[in-house]
Structure formats: C-alpha cells, structure tokens
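Me: I have a chain open here and a few things to ask about it. Can we go through it piece by piece?

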Amino acid sequence: PFTGTAMKMAEIPDPVFSQGILGQGCGLEPTEETVYAPFDGTVIQTTDTKHALGLASADGIELLIHVGMDTVAMGGQGFTCLVQEGQSIQAGQPLMTFSLADIRVAGHPATTAIVVTNADDFGGVELVTEGAITHGAPLLKLIK
C-alpha cells in the first residue's frame, strides 16, 4: 500500500500485531506518506482518528492498514482520510495521507501493520517481499 521497508509480523513493535491477535500479515516501515489501495474492493471501516482503514477485496480478503503504533492517541493529528466507509476503491487509488514528522514528534513508531483480519478463511498468509518495497508491488500471498 506504500513505499517502505517490509518486515515480518513478529518484528512489529506492538504485541497486539506482532503476536497475530488481529490476524496475519506483516509490518511496513513507511518512506512515503500516502496509502494506496492494494486491490479493487470496498472500504469497510474508517476511524474517527483517521489512522487506520479496513478494506475488503472483491475476492474476499479483509485487510486492516493501521498506520503507526499507538497513533490513535494522536486524535487524527497528521492524518487525512481520502475515502469513506462503503466506498468502492480501485488498486492504486490514494486512500489516506499521513505525516511521518507528526508521528515522530508525537513519539510513536511509524511502523504500519498490514493485517489480513480474516486470515482463518485462508490456508495461510505469507510475506512475499522482505526489505525495500514500492507501492503496488506484491507484499503478501494468501494461500487458499
């Protein structure tokens, strides 16, 4: 969903994500400040604090993109949501912008959790690329 550095889920600096409590996926350390739709689908959840989005793909993937750790405490400062719940989205469409500087000033890690929240509906979720990645490149592989 954005350019950055991909990491294994266990490396996310928050136990809720690193232990897979919300589902399976990976972490992504951002180097840009726009989140793009990773697939065609629908926005199923936005937050008042604009730091996270829930998406559903046309083929049944439910994905949480949670920008930064503990960024809910920022109350929306530095975040702009560009979509609404129920809105159809296309792969590559900008969904959200955020300020890395604001996240750092607030003292939070910018590490973003990319979580398949319905991972139990699949045979597995695998990280395809670890390290540098650009938005639009394959990140996760779901096994049916």
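Me: Start with β2 and β10. How many bridges join them, and do they run parallel or antiparallel?
Reply: This is a predicted model. In it, β2 and β10 run antiparallel and are joined by 5 bridges.

Me: Which residue in β10 is the bridge partner of Gln 24?
Reply: Gln 24 has Val 116 as its bridge partner there.

Me: And what is the strand order in the open sheet?
Reply: The sheet has 8 strands in the order β8-β4-β5-β6-β10-β2-β1-β12, and the pairing is antiparallel. β8 (88-89) and β12 (131-133) are the edge strands, each pairing on one side only.

Me: OK, packing. Which residues touch the most other members of the largest nonpolar core?
Reply: Val 35, Leu 55, Val 67, Leu 95 and Phe 98 do, in a core of 30 residues. Elements giving two or more residues to this core are β2 (24-30), β5 (52-57), β6 (62-66), β9 (94-98), α2 (100-105) and β10 (112-116). β9 supplies the largest share, 3 residues.

Me: Is there a second core, or what else is there? Which residues does it include?
Reply: There is a second, separate core of 8 residues, with Met 9, Ala 52, Leu 64 and Ala 113 among them.

Me: Back to Leu 95. What is it in contact with, leaving aside neighbours within four places in sequence?
Reply: On that basis, the contacts of Leu 95 include Val 35, Leu 53, Leu 55, Cys 81, Leu 82, Val 83 and Ile 89. Tyr 36, Ala 37 and Thr 80 are also in contact with Leu 95.

Me: Now the charged ones. Where does Asp 14 lie?
Reply: Asp 14 is in the loop between β1 (4-8) and α1 (15-18).

Me: Buried or exposed, and how far away is the nearest side chain of opposite charge?
Reply: Asp 14 is buried and has no salt bridge. The nearest side chain of opposite charge is Arg 104, 17 Å away.

Me: So what does the side chain of Asp 14 have a polar atom 2.8 Å from?
Reply: The backbone nitrogen of Val 16. Leaving aside neighbours within four places in sequence, Asp 14 is also in contact with Met 69 and Asp 70.

Me: Asp 70, then. What is its phi?
Reply: Phi of Asp 70 is near 65 degrees, a positive value in a residue other than glycine. Most residues other than glycine have a negative phi. Asp 70 sits in the loop between β6 and β7 (79-81) and is partly exposed, at 46% relative accessibility.

Me: Which other residue other than glycine has a positive phi, near 60 degrees?
Reply: Lys 50. Its place is the loop between β4 (41-46) and β5, and Lys 50 is partly exposed, with a relative accessible area of 34%.

Me: Changing topic: Asn 118. Where is it found?
Reply: Asn 118 is in the loop between β10 and β11 (124-127). Asn 118 counts as buried because its relative accessible area is 8%, and the cut-off for buried is under 20%.

Me: What does its side chain reach at 2.8 Å?
Reply: The side chain of Asn 118 reaches the backbone oxygen of Gly 60. Not counting residues up to four places away in sequence, Asn 118 touches Gly 60, Ile 61 and Glu 62.

Me: Last one, Asp 102. Which helix is it in?
Reply: Asp 102 lies in α2 and is partly exposed at 26% relative accessibility. Leaving aside neighbours within four places in sequence, Asp 102 is in contact with Met 74, Gln 77 and Gly 78.

Technical notes
Residues are numbered from 1 along each chain as its sequence is written. This is a predicted model: local features need pLDDT of at least 70, side-chain atom pairs count only at pLDDT 80 or more; totals for chains, interfaces and linings use all residues. Side-chain values use heavy atoms; hydrogens and water are left out. Helices (H or I, at least four residues) and strands (E, at least two) are DSSP runs, numbered from the N terminus. Buried means under 20% relative accessible area, exposed over 50%, partly exposed in between (1.4 Å probe, protein chains only). Lys and Arg count as positive and Asp and Glu as negative; His and the chain ends are not counted. A salt bridge is a side-chain nitrogen of Lys or Arg within 4 Å of a carboxyl oxygen of Asp or Glu. A polar contact is a pair of N or O atoms within 3.5 Å; within protein, one must be able to donate a hydrogen and the other to accept it, and residues adjacent in sequence count only if both atoms are side-chain atoms. Contact means heavy atoms within 4.5 Å. A nonpolar core is a set of buried Ala, Val, Leu, Ile, Met, Phe, Trp, Tyr and Cys residues joined through side-chain atoms within 4.5 Å. Two strands pair if DSSP finds at least two bridges between them.
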